[in-house]
Amino acid sequence: MSLDKVKDWVEALGLEAHPEGGFYKQTYVSGENITDNELSVSFDGKRKLYSSIYFLLTDENISHFHRLKSDELWYFHGGSSLTVHVITEAGKYEQHKLGLNLEEGERPQVLVPKNSIFGSSVDTPDSYALVGCMVSPGFEFKDFEMFSQAELMKKYPEHEKIIRKMAYEVLPDE
């Protein structure tokens with residue numbers, strides 16, 4: 001991976017460090033709002049109908065396990081493939097490859113259902129992935145929940161290996 005290439009993407013797209021890991025920039029927010037009266041999830045107040053970001057991850061960092069109250073649809077834009085690691089609401093671990101090598105099981109878009117615990121990683125050495133993420137209802141940091149390894153190990157001890165890889169040992173703000 002050329003660090004210059006990553007630096008170029010960050011600068012050209014105006015990306016900032018994301019609390020879960022990687023870099024991002026919100027690119028669009030719907031002008032329409034929705035309330036939880038129309039949904040099967042409980043929100044405090046209104047949400048934008050949807051929002052979208054660029055997200056850049058390298059093999060040297062990960063998107064740590066977190067959860068949203070909204071569905072998140074991921075789109076592959078460039079670089080190496082990315083693995084989206086998901087613990088479903090039912091407690092099942094799944095992984096989805098986001099990329100363009102269809103013969104290897106990659107797909108150019110991946111859906112992460114609301115209330116799933118998920119994170120992502122670039123598994124190819126010296127590489128990066130540039131993706132887009134669309135969240136509906138729209139993303140709000142107050143609906144964003146991060147987890148420590150200890151929290152997840154209590155609930156999902158059968159997933160210890162992936163939890164140790166994808167969750168913070170101690171949350172950054174603790």
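Q: Okay, starting with the strands: what is the bridge partner of Gln 26 in S5?
A: That would be Ile 53. Keep in mind that we are looking at a predicted model.

Q: How many bridges do S2 and S5 share, and in which sense do they pair?
A: There are 6 bridges between S2 and S5, and the pairing is antiparallel.

Q: And what about S1 and S2, how many bridges there?
A: Strand S1 (residues 16–17) and strand S2 (residues 23–29) are joined by 2 bridges, and they run antiparallel. Glu 16 has Tyr 24 in S2 as its bridge partner.

Q: What do S1 and S2 form, and what's going on in the turn?
A: They make a hairpin, with 5 residues between the two strands. In that turn, Gly 21 has a positive phi of about 120°.

Q: Let's zoom out. What's the strand order in the open sheet?
A: The sheet has 6 strands in the order S1-S2-S5-S12-S7-S10, with antiparallel pairing.

Q: Which strands stand at the edges?
A: S1 and S10 do. Each has a single partner strand, so one side of each has no neighbour in the sheet.

Q: Where do side chains go in a regular strand?
A: They alternate between the two faces of the sheet.

Q: Switching topic: how many residues are in the largest nonpolar core?
A: It has 23 residues. Phe 55, Trp 74, Leu 82, Leu 98 and Val 131 have the most contacts inside this core.

Q: Which elements give two or more residues to this core?
A: Those are strands S5 (51–58), S7 (71–79), S8 (82–87), S10 (109–112) and S12 (128–136). S12 gives the largest share, with 4 residues.

Q: Now aromatics. How many aromatic pairs turn up in the whole structure?
A: The search finds 6 aromatic pairs. One of them is Phe 139 with Phe 141, an edge-to-face pair at 4.8 Å centre to centre and 85° between the planes.

Q: Why does the pair of Phe 141 and Phe 144 count as edge-to-face?
A: Because their planes are at 75°, and planes over 60 degrees apart count as edge-to-face. The ring centres of Phe 141 and Phe 144 are 5.7 Å apart.

Q: On to charges. How many salt bridges are there?
A: The whole structure has 6 salt bridges. One of them joins Asp 123 and Lys 97, with the closest N and O atoms 3.7 Å apart.

Q: Which residue is linked in a network with Lys 97 and Asp 123?
A: Lys 165 is, through a network of salt bridges.

Q: How about Arg 164 and Glu 160, what do their side chains do?
A: They meet in a salt bridge, at 3.0 Å from N to O. Arg 164 and Glu 160 are about one helical turn from each other, because they are 4 residues apart in helix H3 (residues 160–166).

Q: Last one: is Gln 149 buried or exposed?
A: Gln 149 counts as buried, because its relative accessibility is 11%, and buried means under 20%. Gln 149 is found in helix H2 (residues 149–155).

Q: What does the Gln 149 side chain reach?
A: It reaches the backbone oxygen of Ala 167, at 3.1 Å. Gln 149 also touches residues including Ile 163, Arg 164 and Tyr 168.

Conventions
Residues are numbered from 1 along each chain as its sequence is written. This is a predicted model: local features need pLDDT of at least 70, side-chain atom pairs count only at pLDDT 80 or more; totals for chains, interfaces and linings use all residues. Side-chain values use heavy atoms; hydrogens and water are left out. A nonpolar core is a set of buried Ala, Val, Leu, Ile, Met, Phe, Trp, Tyr and Cys residues joined through side-chain atoms within 4.5 Å. Buried means under 20% relative accessible area, exposed over 50%, partly exposed in between (1.4 Å probe, protein chains only). A polar contact is a pair of N or O atoms within 3.5 Å; within protein, one must be able to donate a hydrogen and the other to accept it, and residues adjacent in sequence count only if both atoms are side-chain atoms. Contact means heavy atoms within 4.5 Å. Two strands pair if DSSP finds at least two bridges between them. A salt bridge is a side-chain nitrogen of Lys or Arg within 4 Å of a carboxyl oxygen of Asp or Glu. Rings of Phe, Tyr and Trp (its six-membered ring) pair if their centres lie within 6.5 Å; planes under 30 degrees apart count as stacked, over 60 as edge-to-face and the rest as tilted. Lists of a residue's contacts leave out its neighbours within four places in sequence.
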